[in-house]
Amino acid sequence: MCLFLTVHLWPSDAPFAERIARAVAAESGLAAHVAERGPSGRAALMISETGHGCACSLLADSADWNAATWDMWPKVLPELAKALHGLDTRCRGGFDLDALWIGDAPRATVTVTVKDLARLVLRGQLGNKIRYRVQRTMPSAK
Ligand SMILES: [Zn+2]
């Protein structure tokens, strides 16, 4: 039983997945592993703490897989917010993020800016079974 925090890349960014993963990991302090084919059939990055293959260690003791949002340890929230900003800077196509308990599927897709999503994360309100579609906010800064 596991939580997976998955970043789905657009095909145009897939060739750069390793580079994106390394940069995001270096900046955020979290680990990012490339999955050539994520659950959505697109290249994906799996976000976790270093040394973990899943995102379970991000979850606080109060986390409940039936709740609407995920309770994560306060320490990891700014790291995850940093990772999101790093992804926004590097993914030309934008990206999708979901935090799903293994076997669950998103109930809804919500389009957000990276600022809004980072704010949600920092408040500890990352949604369960929600796929966040982050549209690129900085069109050509590389
Ligand atoms: Zn796990």
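Visitor: At what angle does α3 run to β6?
Guide: Helices (H or I, at least four residues) and strands (E, at least two) are DSSP runs, numbered from the N terminus. Contact requires C-beta atoms, placed from the backbone, within 7 Å, while axes are lines fitted to C-alpha atoms (for helices over the stretch in contact), with angles from 0 to 180 degrees between N-to-C directions. On these terms α3 lies across β4, β5 and β6, and its angle to β6 is about 140 degrees.

Visitor: What pLDDT must side-chain atom pairs have in order to count?
Guide: Residue numbers start from 1 along each chain as its sequence is written. The model is predicted, so totals for chains, interfaces and linings use all residues, whereas local features need pLDDT of at least 70 and side-chain atom pairs count only at pLDDT 80 or more.

Visitor: Which strands stand at the edges of the sheet?
Guide: Strands are taken to pair if DSSP finds at least two bridges between them. The open sheet has six strands with mixed pairing, in the order β2-β3-β1-β4-β6-β5. From one strand to the next, the twist averages 25 degrees. Two strands have a single partner strand each, so one side of each lacks a neighbour in the sheet: β2 (31-35) and β5 (108-112).

Visitor: Which residues stand opposite Asp98?
Guide: Asp98 belongs to β4, a strand joined to β1 by seven bridges in the antiparallel sense. β4 also pairs with β6 over four bridges, again antiparallel. The residue opposite Asp98 in β6 is Arg131, and Asp98 also faces Thr6.

Visitor: Which residue is the bridge partner of Val110 in β6?
Guide: β5 and β6 run parallel and are joined by five bridges. Within β6, the partner of Val110 is Tyr132.

Visitor: How many residues of β4 are buried?
Guide: A residue is buried if 20 or more other C-beta atoms lie within 10 Å of its own, exposed if 12 or fewer, and partly exposed in between, the C-beta atoms being placed from the backbone. By that count β4 is mostly covered, the number of buried residues among its seven being six.

Visitor: Which residues have the most contacts inside the largest nonpolar core?
Guide: A nonpolar core is a set of buried Ala, Val, Leu, Ile, Met, Phe, Trp, Tyr and Cys residues joined through C-beta atoms within 7 Å. The largest has 38 residues, and those with the most contacts inside it are Val7, Leu9, Leu45, Ile47, Leu84 and Leu117.

Visitor: What distance separates the end C-alpha atoms of α2?
Guide: The expected span of a helix is 1.5 Å times one less than its number of residues. α2 has 14 residues and should therefore span 20 Å; the model agrees, with its end C-alpha atoms separated by 20 Å.

Visitor: Is Arg19 buried or exposed?
Guide: Arg19 is located in helix α1. Because Arg19 has 12 other C-beta atoms within 10 Å, Arg19 is exposed.

Methods:
Contact = placed C-beta atoms within 7 Å.
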